[in-house]
Amino acid sequence: MALEAGLLEILACPACHSPLDDRSAADSPELVCTSDDCGLAYPVRDGIPVLLVDEARRPA
């Protein structure tokens, strides 16, 4: 289930304020920070982005 385009336009990474890349259609849905320095991946649970740095997955 992809997120609404309007929602993605206003969301930003809470850690660095960069735009987020929508990967909510994948097996494990998430929003990924587009910054090369940050790159945190935030989970999407039941269609709701969880934009908490403590819940984010660190880049591999």
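This is a predicted model: local features need pLDDT of at least 70, side-chain atom pairs count only at pLDDT 80 or more; totals for chains, interfaces and linings use all residues.
Residues count from 1 along each chain as its sequence is written, and side-chain values use heavy atoms, with hydrogens and water left out. Local features need pLDDT of at least 70, side-chain atom pairs count only at pLDDT 80 or more, and totals for chains, interfaces and linings use all residues.

**Exercise 1.** Work out the strand order of the sheet, and find which strands stand at its edges.

*Solution.* Start with the strands (DSSP runs of E, at least two residues, numbered from the N terminus). Four of them form an open, antiparallel sheet, ordered S1-S2-S3-S4. S1 and S4 each have a single partner strand, so they're the edges, and one side of each lacks a neighbour in the sheet. Now zoom in on S3 and S4: they pair (DSSP finds at least two bridges) over 2 bridges, in the antiparallel sense. Arginine 45 sits opposite isoleucine 48 in S4.

**Exercise 2.** Find where histidine 17 and aspartate 46 lie, and decide whether they are buried or exposed.

*Solution.* Histidine 17 is in the loop between helix H1 (5–10) and strand S1 (20–23). Aspartate 46 is in the loop between S3 and strand S4 (48–49). Next, apply the cut-offs: buried is under 20% relative accessible area, exposed over 50%, partly exposed in between (1.4 Å probe, protein chains only). Histidine 17 comes out at 63%, so it's exposed. Aspartate 46, at 78%, is exposed too.

**Exercise 3.** List what leucine 11 touches, leaving out residues up to four places away in sequence.

*Solution.* Look for contacts (heavy atoms within 4.5 Å). You get Leu20, Leu31, Pro49 and Leu51.

Conventions:
Helices (H or I, at least four residues) and strands (E, at least two) are DSSP runs, numbered from the N terminus.
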